[in-house]
Amino acid sequence: MKIAFVHQPIFYVPITRSISVPMLTHEIARRLAKSHEVLVYAAGRDFEKRVVNEEGVHYQGMPVGIDKWLLKALKGWRKLSGFNDPTKPPFGSDFYYPNYIWQVAKDLKAQQCDVVHILNLSQAIPVIRALNPNIKIVLRMGMDWLTLLDRAMVERRLQQVDLIIGCSEYLTEGIRNRFPQLADRCQTVHNGIAAEDYLGINHGQRSAPGNVKRLLFTGRVSPEKGVHVLLDAFEKVVEQYPEVQLEIVGKEAILPLSELIHLSDNPQVKELADFYPGSYLANLKGRISLEVANKITFTGGVPHSKLNHYLQNADIFIHPSIFDDPFPNAVLEAMAAGLPVIATRTGGIVESVEDGKTGLLVERSNAEMLAVAILRLLSDEPLRASMAQASQQRALREFSWEKVVETLLCEYQNLLQLPKNRLVLCEEAKL
């Protein structure tokens, strides 16, 4: 089978593995390449291609210089014309990186691939279909744009897709409900983790002195991730449990207003616009009291390969998202590392964290409830230990990349209508 993946052109060749979407593609592609031919398309240099071969995967970077100019022109026109429909943002437009999409579609025609797996870039579907009428098109969504962008615009694209994959049932069900005529084309395939990376973690070798307990957050430092709520909760925790430290690992990386806040009808998400003037990170540091300042560390961004060091030294992982987080990899990684997780009851998080078994779920934007949950685990070591064990077992059993690849292959094979004796029921592959 010949399989191609198409990235959004915001990701460049060579692919970085410190960002969730490129990391997902890398982990899936290198495993598929053991028995199939795999290509990955992404952005190259501005005016020339960039080609990289790694672990059996052919990475093709397409020029994007013309598209960058066109995007600036599009944004300028929107500003001059006063066009401000939030359901038709530049990133969702048919005119978003059209040259990149055209080049990919032409190369796919030359490559004669069996399946093309598009990541979030729904506007690529009609162009790829026009030049490749027989290829099987899979659209994988890691954000809920299909349910938030203009309905007619999205529906026109989806009519030409063979399979729509949501990274969580939360996303998939939303797509089914909005486009019931396409419900039979929608499937859920969760994100995964490299199980072998976490088996050697030993929490008995923590570096914190004495009885100090470590709380950990990893991910983008951005308003929708709720780091400000975590800091407010931490102030309350320290009042009752002073032997605690909080480490925030991740760089400030703010989503544009158009990608989340302008699209959302959730008032708690809308309120996050107040954090956009100035630096969110500076805002966070400014809200910390002198009494707890020496207990909080902002580590900044670290290579994904170094993340285990922080997971190994932690006692509790906290993910306080305010938006409907589709299916955060940070939570899966913490679970795989054997950490109990405290997270908000939003989006697809409820599909990874089992409340009361592998961690605790609280309501979003509620620092009081978050503090209560943290104090509960800090004060109950047996509960913390049992949740840690259950958390790791669940992650390694349910969310390995091998399981993800097995399910994807089954879906691809069904699309290609291979002989029945070569098919595996895809639902069984997920079990």
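1. Two strands are taken to pair if DSSP finds at least two bridges between them, and strands β9 (residues 213-218) and β10 (residues 244-249) of this predicted model pair in the parallel sense over six bridges. Within this pairing, Phe217 stands opposite Ile248 in β10. Helix α8 (residues 227-240) packs on the sheet, where it touches β9, β10, β11 and β12 (316-319), and its direction makes about 170 degrees with that of β10.

2. The sheet that holds this pair is open and has six strands, in the order β11-β10-β9-β12-β13-β14, with parallel pairing. Since β11 (296-300) and β14 (359-362) stand at the edges and each has a single partner strand, one side of each is left without a neighbour in the sheet. Neighbouring strands of this sheet are turned by 20 degrees against each other on average, direction ignored.

3. A further open sheet has eight strands, arranged in the order β3-β4-β2-β1-β5-β6-β7-β8, and its pairing is mixed. The edge strands here are β3 (50-54) and β8 (186-188), each of which pairs on one side only, and the twist from one strand to the next averages 20 degrees. Strand β7 (residues 163-166) pairs with β8 in the parallel sense over three bridges, and the bridge partner of Ile164 in β8 is Cys186. Helix α3 packs on this sheet, touching β1 (2-6), β2 (37-43), β4 (57-62) and β5 (115-119), with a direction that makes about 165 degrees with that of β2.

4. Helix α3 (residues 98-111) also has a helical partner, α2 (residues 65-81): the axes of the two come within 7 Å and cross at roughly 145 degrees. In this contact Ile66, Asp67 and Leu70 of α2 meet Pro98, Asn99 and Tyr100 of α3, and the residues involved divide into four nonpolar, one polar and one charged.

5. The loop between α2 and α3 contains Ser93, which counts as buried because its relative accessibility is 11%, under the 20% that marks the limit for buried residues. Leaving aside its neighbours within four places in sequence, Ser93 is in contact with Leu74, Gln123 and Arg157.

6. A search of the whole structure finds 24 salt bridges. One of them joins Glu173 and Arg176, whose closest N and O atoms are 2.9 Å apart; because these residues are three apart in helix α7 (residues 169-178), they are separated by about one helical turn. Glu173 is partly exposed, with a relative accessible area of 33%, whereas Arg176, with 18%, is buried.

7. The side chains of Lys225 and Asp325 also meet in a salt bridge, at 3.1 Å from N to O. This pair links distant parts of the chain, given that Lys225 is in the loop between β9 and α8 while Asp325 is in the loop between β12 and α12 (329-336), 100 residues apart. Both Lys225 and Asp325 are buried.

8. Lys236 forms a salt bridge with Glu368, the closest N and O atoms being 3.7 Å apart. Lys236 lies in helix α8 and Glu368 in helix α13 (residues 367-378), so the pair ties together parts that are 132 residues apart in sequence. Lys236 is partly exposed, with a relative accessible area of 33%, and Glu368 is partly exposed as well, at 47%.

9. Finally, a network of salt bridges links Glu27, Arg30, Arg31, Glu55, Glu196 and Glu402.

Note on methods:
Residues numbered from 1 in each chain as written. Predicted model: local features only at pLDDT ≥ 70, side-chain atom pairs only at ≥ 80, totals over all residues. Heavy atoms only, no water. Helix = DSSP H or I, 4+ residues; strand = E, 2+ residues; numbered from the N terminus. Axes fitted to C-alpha atoms, helices over the stretch in contact; angles between N-to-C directions. Contact = heavy atoms within 4.5 Å. Nonpolar A, V, L, I, M, F, W, Y, C, P; charged D, E, K, R; others polar. Buried < 20%, exposed > 50% of the residue type's maximum accessible area, 1.4 Å probe, protein only. Salt bridge = Lys/Arg side-chain N within 4 Å of Asp/Glu carboxyl O.
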